[in-house]
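The following exercises concern one protein model. Please study each task before reading its solution.

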Amino acid sequence: MDRRKFIKHVSLASMAATATSSLKAFGTDLSPFDQSPLPYDFKGLEPIIDAQTMEIHYSKHAAAYSTNLKDAAKAENVASGTSMEKLLGSITRYSTKMRNNGGGHYNHELFWKCMKPGATTIPSGKLFEAIQKDLGSFESLKTTFSDAAKSRFGSGWAWLYLDNNKKLQIGSTPNQDNPLMDVSDIKGFPLLGLDVWEHAYYLKYQNRRPEYIENWWKLVNWEFVENRYQSAL
Ligand code: MN
């Protein structure tokens with residue numbers, strides 16, 4: 001393969017890897033239970049999310065979910081190639097360890113991709129139209145989502161998700177649950193998630209969760225969310 005063809009091949013392969021949730025990165029042999037590389041460096045989201053928080057969050061907290069998920073999968077005879085969506089959709093069949101760590105792994109893999117250094121983009125295209133139709137406006141999406149994130153007691157996540165009637169919805173889940181889980185009160189396909197565990201913001205924001213939430217909007221990668229929305233329709 002000449003150099004040009006090789007570059008084209010690599011770039012197509014990496015696009016394909018990004019487009020699927022299989023997390024199979026080019027040149028590696030990642031299972032859906034492995035962490036994919038962080039799409040930016042630890043400093044990438046500064047000053048909103050400081051490098052130390054990112055490093056601990058990705059390489060300690062999220063890494064532990066992946067490791068513990070793999071342990072649980074082994075103990076409960078789940079093949080390593082099993083899709084995360086499928087596993088979470090029938091999570092009641094498995095242990096609490098699988099629920100907490102499977103959710104933790106999936107949620108964080110999604111969370112990293114939902115953010116982008118210097119983002120400050122807004123929704124566009126079909127997603128923008130759906131936001132207006134289902135949620136009233138982008139402003140009301142932000143208000144409702146922020147309220148869900150602020151009022152989640154203890155640890156959990158806020159979500160923008162597509163319900164089973166393909167309508168956009170906003171809600172929150174406790175701990176590491178998410179809308180894919182058959183145990184969840186809210187059900188559907190998560191498009192955008194915000195981690196409101198204290199480990200996600202405490203070093204910089206301490207008790208000021210609302211300030212973390214407010215600043216976080218500036219990092220949202222709406223292009224990613226829109227692609228995810230289109231792929232789920
Ligand atoms: Mn987290």
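**Exercise 1. Determine whether Ser146 is buried or exposed, and state what Ser146 touches.**

Solution. Ser146 has a relative accessible area of 7% and is therefore buried. Here buried means under 20% relative accessible area, exposed means over 50%, and partly exposed lies in between (1.4 Å probe, protein chains only). Ser146 belongs to helix H6; helices (H or I, at least four residues) and strands (E, at least two) are DSSP runs, numbered from the N terminus. Not counting residues up to four places away in sequence, Ser146 touches Ile213 and Trp217, where contact means heavy atoms within 4.5 Å.

The model is predicted: local features need pLDDT of at least 70, side-chain atom pairs count only at pLDDT 80 or more, and totals for chains, interfaces and linings use all residues. Residues are numbered from 1 along each chain as its sequence is written, and side-chain values use heavy atoms, with hydrogens and water left out.

**Exercise 2. Identify the protein donors of the manganese ion and describe their spacing along the chain.**

Solution. Begin with the definition: donors are N, O and S atoms within 2.8 Å of the metal (3.2 Å for Na, K and Ca), and sites may look incomplete because water is not among the atoms. The protein donors are His57 (NE2), His108 (NE2), Asp195 (OD) and His199 (NE2), at 1.9 to 2.1 Å from the manganese ion. Their spacing along the chain is H-x50-H-x86-D-x3-H. His57 lies in helix H2 (residues 51-75) and His199 in the loop between strand S3 (189-195) and helix H7 (202-205), so this pair ties together parts that are 142 residues apart in sequence. His57 is buried, at 2% relative accessible area, and His199 is buried as well, at 18%.

Next, consider Thr53, which is also found in H2. Thr53 counts as buried at 2% relative accessibility. Leaving out residues up to four places away in sequence, Thr53 touches His199, Ala200, Tyr201 and Leu203.

**Exercise 3. Which residues of helix H5 are buried, and what covers them?**

Solution. In H5 (residues 125-135), the buried residues are Leu127, Ala130, Ile131, Asp134 and Leu135. They cover an arc of only 105° around the axis, which puts them on the same side of H5; the arc is that of the directions from the helix axis to the C-beta atoms. On the other side of H5, Glu129 and Lys133 are exposed. The cover over the buried residues of H5 includes helix H6 (138-151), strand S1 (156-162), strand S2 (168-174) and helix H9 (222-232).

**Exercise 4. Describe how H5 and H9 are arranged relative to each other.**

Solution. Two packed helices are described by the angle between their axes and the distance between the axes. The axes of H5 and H9 come within 8 Å and cross at roughly 80°. This makes H5 roughly perpendicular to H9. Axes are lines fitted to C-alpha atoms, for helices over the stretch in contact, and angles run from 0 to 180 degrees between N-to-C directions; those under 35 degrees count as roughly parallel, over 145 as roughly antiparallel, 65 to 115 as roughly perpendicular and the rest as oblique. At this meeting place, Gly125, Lys126, Leu127 and Ala130 in H5 meet Trp222, Val225, Glu226, Tyr229 and Gln230 in H9.
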